[in-house]
Structure formats: structure tokens, C-alpha cells
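Welcome! Take a look at the sequence and the structure, then read on.

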Amino acid sequence: MKKFFKKSLSVLLALIVTFSLVIMGTSEVKSTYDPNAYSTIISASDFQHSGTEAYDRFGKILNIAKNDGMPAPDSLLVGGDYTMILFDNAVPGISRIRNTLLSVYPEMDPASAVCIQGNHDNPKKQFADTGFYDMGSYCLYVINENDFPWNQYLRFDKKVKALADNINSSLDAMIADGDRRPVIVMTHVPLHHSTRTGGGDNMYSSYLFNVLNEKAKTLDIIFIYGHNHSGVYDDYIGGSVNFMKPGDTIRIPQPDKRGDDRYTEETLNFTYTNCGYIGYSHNTVSDTSTDKLTMGIIQFTYDKMRFIKYDENGVYSVNEVAKLNKGCAVNSPEYPSLDDNCLCHSDEPVAKVMWNVWIFLCKLFKANPYCACGKAHY
């Protein structure tokens with residue numbers, strides 16, 4: 001009886017969709033956003049500008065993305081630096097970012113904008129504390145600039161080691177609990193070697209890298225950052241719009257050693273990309289892509305992670321990484337363990353057709369297609 005019901009329902013839904021397409025026309029649907037995505041996250045960093053240009057750019061790109069079909073994001077992750085002056089008050093900038101977000105997506109919760117401290121920002125209580133956050137469909141580990149500072153050649157090795165130990169314990173606890181949701185690690189200062197401050201800017205990043213690279217054999221980990229603004233620092237990994245996936249080679253600084261060649265080449269097990277520099281960037285080579293100003297978007301589907309970068313002209317780049325852990329989430333109160341009665345978990349051809357039809361109808365009638373695990377039941 002259940003199989004008969006499934007087949008009958010799929011035929012009925014297919015007929016409804018066909019009829020709807022005839023009425024509405026058959027214009028091509030934009031493919032930037034995966035209709036199967038159960039979570040959408042936006043990111044940006046380094047709003048540093050003498051006026052409001054960076055904040056205006058953020059609003060402009062948000063509107064372009066929304067017009068392209070970007071659903072209301074689950075969260076906004078901001079990687080620090082809200083002013084041009086060192087140790088300046090970041091409160092006005094953070095307020096402007098949140099207000100801009102709400103002006104485009106008024107249904108969002110202002111608290112879903114997670115803003116961390118950059119090296120230009122006066123450390124005050126408005127920043128999320130360093131630590132582990134349960135974001136529902138994914139997990140977030142925030143690292144503030146005070147805990148992973150720039151200019152590490154000033155001997156911050158003990159501080160960074162303590163941070164690495166804390167991250168290691170948090171990820172071990174996830175693994176022990178059977179929690180296989182994606183993990184985003186966000187900090188201001190990147191992990192890769194650069195010539196900034198003579199190679200001493202993130203001298204002890206290998207402590208973090210080693211932990212994340214090991215845990216990424218079990219968990220889907222994404223590292224996002226700000227700070228470098230392209231320039232000579234990031235040209236070799238793509239400039240201001242960089243993206244590195246598992247299997248790529250990355251240069252990691254050698255502890256206690258400064259210099260342009262003081263690094264080891266390591267193979268990534270996790271995804272590594274900047275938040276999207278939106279204030280300014282310095283181009284040092286003839287390729288103008290190195291100074292693009294962008295906003296980042298991350299989407300999670302049952303089996304993939306999609307990474308989109310927007311500039312003021314629209315979509316600039318799209319990349320995908322296969323997930324190690326297929327599914328919406330595991331052992332989370334908000335997202336219970338996967339079950340076989342969800343369309344997104346079935347490999348049956350009929351279920352796949354039904355899922356696409358279901359999403360179309362929900363969009364057409366502005367209904368909510370989601371169930372507890374993030375997908376529609378049938």
C-alpha cells in the first residue's frame with residue numbers, strides 16, 4: 001500500500017507541476033542555489049573603509065543575491081575589522097551590518113549575525129567569545145583575535161597551543177557523540193604562510209592546522225578567515241577570492257621561524273577559503289581578480305557543500321566539495337538522526353522526482369518544505 005501511495009502521489013505531483021509550468025511559462029531556473037540545500041550561511045570580513053562604501057557594497061551584493069534566489073540565510077559570519085583605525089570602536093559598524101542584513105531579510109534574527117574581533121577592533125563585549133557554538137544545522141568554532149593574534153612572532157606560542165588544545169577537545173567531543181554536522185571554524189588571521197610581517201603574522205598556525213587536518217579525516221570542516229586583503233600576501237593562492245579544497249597543497253608557517261621561505265607544504269583535509277574581503281584589497285599583479293571585493297555564501301545539502309562568492313556584478317565563483325558525512329545532521333536536538341522516510345535520504349528515482357516537485361510547489365505557494373531533519377517527509 002505504501003509503494004502504491006508513493007507512486008500515485010508522485011504522478012499527481014508531476015501532473016500539477018506540468019500544469020503549473022504551462023501556466024507560468026518555462027523560463028530557465030537559475031542554478032546558483034541548490035534547491036536541495038537545507039542551510040545557507042553568508043560571510044564577509046574587513047569592512048575597513050574611511051566612509052560607508054563597504055557597508056553600502058554589502059547591502060548591494062545582498063540584494064543581488066536575493067534577486068538571484070538566495071533564500072533567507074540561517075546566519076551571517078563576519079570575520080572582523082570594522083574600521084580603518086587600529087583598536088577603534090567596532091559597535092557602529094556591527095550595528096550597520098546587522099541593520100543592512102535585516103533590511104534585505106527582515107525575517108532573520110539579528111542574533112544570527114556572529115561578529116568576531118579583528119586586529120583593528122577594540123576588544124569589547126560585542127564580539128562572540130572564542131569557543132564552540134551549536135548553530136543547529138552546523139557547528140561553529142569562533143576564534144577571536146585576542147586568542148589567535150596577528151604578529152605572533154612576539155611569542156604567542158603558549159596562547160595558540162592552548163587554543164589548539166581546546167579545539168581538539170571540542171571536536172573530540174563531537175566525534176564521541178556521533179555528531180557529524182559540518183563544522184565552520186572562523187577567525188580573523190589565516191593559517192597559510194604569507195610574507196606579512198616578515199612571515200611572523202601567524203607563526204604558530206601549525207598548532208591549529210595539525211588539529212583541524214587530523215579531525216577533518218572524520219568531520220566536514222571549513223576554515224574561513226579575513227585580514228590579508230590579497231596583495232602580495234595571497235596572490236599565490238588566488239588573491240582576494242581564494243578557495244582551497246581537500247587534497248590541495250597549502251603552505252603552513254614553521255613555528256619560531258620567520259622569513260619568506262619558512263614554511264612546510266601540507267595537504268589539506270578540510271576546505272579553506274576567506275570570508276570575502278568587502279572593504280578594500282590591494283592588487284599586486286596584472287590579474288585584476290586578485291583585488292575583487294566579495295561576499296561569501298556557503299550552502300549545505302545532503303551530500304555536498306557549495307561555496308559561492310558574489311561581487312557587485314553578481315556571481316563571481318562557485319565551488320563544491322563532497323561531504324564526508326552525508327545527511328542533514330546527526331544526534332542534534334534540533335535535527336534528529338536521519339531516517340529513511342525523508343526524500344533527501346532516498347536514492348530511489350521516484351523519491352528524487354517527488355523531492356524536486358515538492359520543492360517547486362512549496363516555492364510556488366510560499367509554503368515551508370522542511371521537516372525536523374531539514375527536508376520534506378513523504
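**A buried aspartate to start with**

D201 is buried, with a relative accessible area of 2%. Please keep in mind that the model is predicted.

**D201 and its surroundings**

- You will find D201 in the loop that runs between β6 and α5.
- Its side chain makes a polar contact with the side chain of H227, at 2.7 Å.
- Leaving out residues up to four places away in sequence, D201 touches P149, W150, N151, Q152, V189, R196 and H227.

**Two residues with positive phi**

- H227, the polar partner of D201, sits in the loop between β7 and α6 (231–234).
- Although H227 is not a glycine, its phi is positive, at about 85 degrees.
- H227 is buried, and its relative accessible area is 0%.
- D81 is not a glycine either, and has a positive phi of about 65 degrees.
- Look for D81 in the loop between β2 (75–78) and α3 (91–104).
- With a relative accessible area of 1%, D81 counts as buried because the cut-off is under 20%.

- How many of the residues of β6 are buried? Five of its five residues are, and the strand is mostly covered.
- V183, V185 and T187 point one way from β6, while I184 and M186 point the other way, and all are buried.
- β6 pairs with β5 in the parallel sense, over five bridges. Within this pairing, M186 in β6 is the bridge partner of V142.
- β6 also pairs with β7 in the parallel sense, here over four bridges. I221 in β7 is the bridge partner of V183.
- On the way from β6 to β7 the chain passes through α5, and this β-α-β crossover is right-handed.
- β5, α4 and β6 likewise form a right-handed β-α-β unit.

**The nonpolar cores**

- In soluble globular proteins, nonpolar side chains tend to be buried together.
- In this model, the largest nonpolar core has 34 residues, and those touching the most other members are I167, L191, L208, L212, I221, F270 and Y272.
- At least two residues of this core come from each of β5 (139–143), α4 (157–177), β6 (183–187), α5 (205–215), β7 (221–225) and β9 (249–253).
- α4 gives the most to this core, with six residues.
- Another core lies apart from it and holds 29 residues, including Y33, I42, V78 and F127.
- Which residues does I221 contact, leaving aside neighbours within four places in sequence? They are L171, V183, V185, L212, K215, A216, F270 and T271.

**The chain as a whole**

- The chain contains seven helices and 14 strands.
- It has 378 residues, of which 53% count as buried.
- Taking contacts between residues at least 6 apart in sequence, 74% join residues at least 24 apart.
- The accessible surface of the chain is about 16,500 Å², and 53% of that surface belongs to carbon and sulfur atoms.

Terms used:
Residues numbered from 1 in each chain as written. Predicted model: local features only at pLDDT ≥ 70, side-chain atom pairs only at ≥ 80, totals over all residues. Heavy atoms only, no water. Core = buried A, V, L, I, M, F, W, Y, C linked by side-chain atoms within 4.5 Å. Buried < 20%, exposed > 50% of the residue type's maximum accessible area, 1.4 Å probe, protein only. Contact = heavy atoms within 4.5 Å. Pairing = 2+ DSSP bridges. Right-handed = clockwise from strand over helix to strand, strands pointing away. Areas by Shrake-Rupley, 256 points an atom, 1.4 Å probe, with all protein chains shown as cover. Polar contact = N/O pair within 3.5 Å; in protein donor to acceptor, adjacent residues only side chain to side chain.
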